[in-house]
Amino acid sequence: MFFSSLLSKFLAPKYVEEEAGFVDKEPEHILVNDKKSFKKMLSILSKVSSCVMDTEADSMHHYQEKLSLIQISVGKYHWLLDPLCGLNIKPLWKCKALKQITFHACDYDLRLLAMFHDFHPKSIYDTSIAAKLLGEKQTGLAALAEKYFGIKLDKENQRADWTKRPLSPEMCRYAVMDTIYLDAIKEIQCEKLRELGRMEWLLESCETLLKKTRNSQNEAAESKPKDSWRLKGSNVFKPFELQLLRAIWQWRDQEAKKRDCAPYRVLGPYFILDFVKVAAKIKGKITERDLPRLPRNLKGKLLQSFLADLNAAASAPASEFPAPLLRKTSPRTSINEDLREKLQELRNEKAWQLKIDCGLLAKQNQLNALADALNGTWEEKFEAAGFMNWQREIWRSLIPKAVLPKTANEFRVWANEKLLAMSAENKTKENEQLLLELSKRAALENGCIAAFYPTKREPQIIPFLKKLANEGRLLLPRVLDKQKMEFVQVQSLEKDLETATFGIMEPKADLPAFEGTPAAFLVPGVVFGKDGSRIGHGSGYYDRFLAAFKGVARLGIAYSAQIRNSLPQNATDMRMNEVVWCRS
């Protein structure tokens with residue numbers, strides 16, 4: 001009894017305010033902007049084992065981005081540290097409390113701390129990452145505070161200018177609210193994570209985020225600032241277009257610096273790219289009339305300055321034009337699209353079971369890495385995908401299920417399962433798209449078209465068949481025996497058809513066979529490859545018939561659920577010239 005009492009005293013927090021789970025609905029903040037208040041804050045942070053932190057910056061308001069405020073909470077202590085007041089805050093980064101920091105969605109916070117103070121926490125807990133791993137539908141701080149404590153946070157000052165001094169009471173309250181609930185949220189989350197066995201997931205995810213921040217800082221230090229004018233989307237520009245782009249970017253940068261505002265407030269990147277594309281086509285002097293619709297703020301002397309710089313750049317000798325950057329050679333890939341689709345299905349099913357977002361198990365680029373045949377073994381694929389250990393464990397359990405069909409019958413089973421799973425809504429959308437696509441095909445504009453009357457599982461192209469029938473151009477198949485079929489010209493779907501072999505609607509027996517050559521074939525199937533390969537029901541009717549008309553266009557008609565990358569084919573199988581399906 002004595003030892004347990006002694007142990008509890010030893011492990012008890014040094015401050016009552018250190019207790020996890022404390023929630024203060026009416027917080028009082030401590031503004032730290034002089035040596036005395038800073039020293040008091042350090043005296044506590046040097047003793048406690050962890051803290052909560054958030055930051056505010058001014059990138060939306062000023063030319064030079066600054067870390068404008070650092071919020072730190074430990075229990076009932078809520079400090080608002082002013083890094084712009086001239087204090088030497090270097091001692092802060094050595095405090096014991098900053099070895100373990102709780103943040104919410106801290107990607108940007110970590111980059112700011114690294115950029116301005118070269119500070120990298122040893123360990124973090126991100127309540128946003130935890131919320132995602134717990135399958136929370138809304139992972140924002142306001143949503144979590146309302147769900148757990150019934151408290152609504154005011155986000156009015158989210159885009160405020162945090163360099164303004166003194167800070168208004170409203171801004172101070174907003175800033176404090178970003179940290180006071182995180183310890184309590186963390187306590188609730190940790191209990192849930194342990195119950196679900198996902199605490200290790202969280203710890204590893206946070207450590208991975210820290211590593212990415214360190215790596216991105218190193219990459220930023222090695223990048224070439226002289227090429228910062230090369231905006232995203234300009235990699236296809238020719239030297240003259242790049243010359244104009246650089247001139248506009250430099251004009252904008254100088255204007256933003258003069259006004260002390262964010263460059264995008266002078267001219268947005270989309271405006272710049274549009275201006276370049278239009279101005280590059282102008283012969284002679286570029287005027288206001290030549291440009292696309294201008295932003296409202298670009299007028300008067302500002303506009304004249306802009307046009308002067310643009311024309312000066314346009315009239316410069318070609319020897320001064322910047323050259324396009326040599327594109328980095330993309331790594332060679334050999335992605336098996338069918339495997340990627342199977343892996344995606346497995347991922348989505350597992351994510352649904354775990355009740356988390358599927359992107360946590362694998363993003364699209366990671367699925368590509370898994371489906372890339374050049375990555376070798378599955379462990380090598382995991383490495384290429386950049387999986388964390390907890391993700392690898394899940395995928396090791398899924399990989400044995402990533403079996404693709406090999407035989408024709410296996411492909412038929414696969415397609416039938418996919419068709420059964422298709423919703424009526426998706427089928428309706430795809431049928432509409434298929435009809436639109438058929439109306440665009442030049443091969444179907446003239447002559448008689450040998451088509452098929454669809455079963456309930458096949459694409460419903462009946463409106464297109466009626467159009468062909470009204471034009472006197474519709475041919476439909478009629479089975480003669482176990483080996484042969486023939487096509488018959490049909491004038492009316494209502495009067496000329498009857499239920500026949502396999503329960504399919506066929507031309508009536510008394511209608512004569514078509515003796516000519518069709519202009520094109522619309523071919524049904526169970527599965528189609530994007531390369532034109534096809535697997536039918538197995539009777540071989542179409543393969544035998546089409547062999548006699550090898551010069552006639554063959555268009556396979558399919559739902560997206562029937563599409564694979566490629567299919568095994570025999571020597572007698574007839575490939576399609578094109579497969580028409582809904583790609584979106």
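The chain holds 20 helices and 17 strands, taken as DSSP runs numbered from the N terminus (helices are H or I with at least four residues, strands E with at least two). Its radius of gyration is 33 Å, well over the 25 Å that the globule rule gives for 584 residues, so the chain is more spread out than a compact globule. Here the radius is taken over C-alpha atoms, and the rule is 2.2 Å times the number of residues to the power 0.38. Along the principal axes, the C-alpha atoms fill a box of roughly 105 × 85 × 45 Å.

A word on the source: this is a predicted model, where local features need pLDDT of at least 70 and side-chain atom pairs count only at pLDDT 80 or more, while totals for chains, interfaces and linings use all residues. Residues are numbered from 1 along each chain as its sequence is written, and side-chain values use heavy atoms, with hydrogens and water left out.

Now look at the open sheet, where 6 strands follow the order β9-β8-β7-β12-β15-β17 with mixed pairing (two strands pair if DSSP finds at least two bridges between them). At its edges stand β9 (485-489) and β17 (578-580), each with a single partner strand, so one side of each is left without a neighbour in the sheet. Strands β12 (residues 520-523) and β15 (residues 553-557) run parallel, joined by 4 bridges; alanine 520 has alanine 553 as its bridge partner in β15.

Finally, turn to helix α6 (residues 169-177), whose buried residues are Met171, Cys172, Tyr174, Ala175, Val176 and Met177. Buried means under 20% relative accessible area, exposed over 50% and partly exposed in between, with a 1.4 Å probe and protein chains only. Their cover includes β2 (51-57), β3 (67-74), β4 (77-81) and α5 (141-149), with contact meaning heavy atoms within 4.5 Å.
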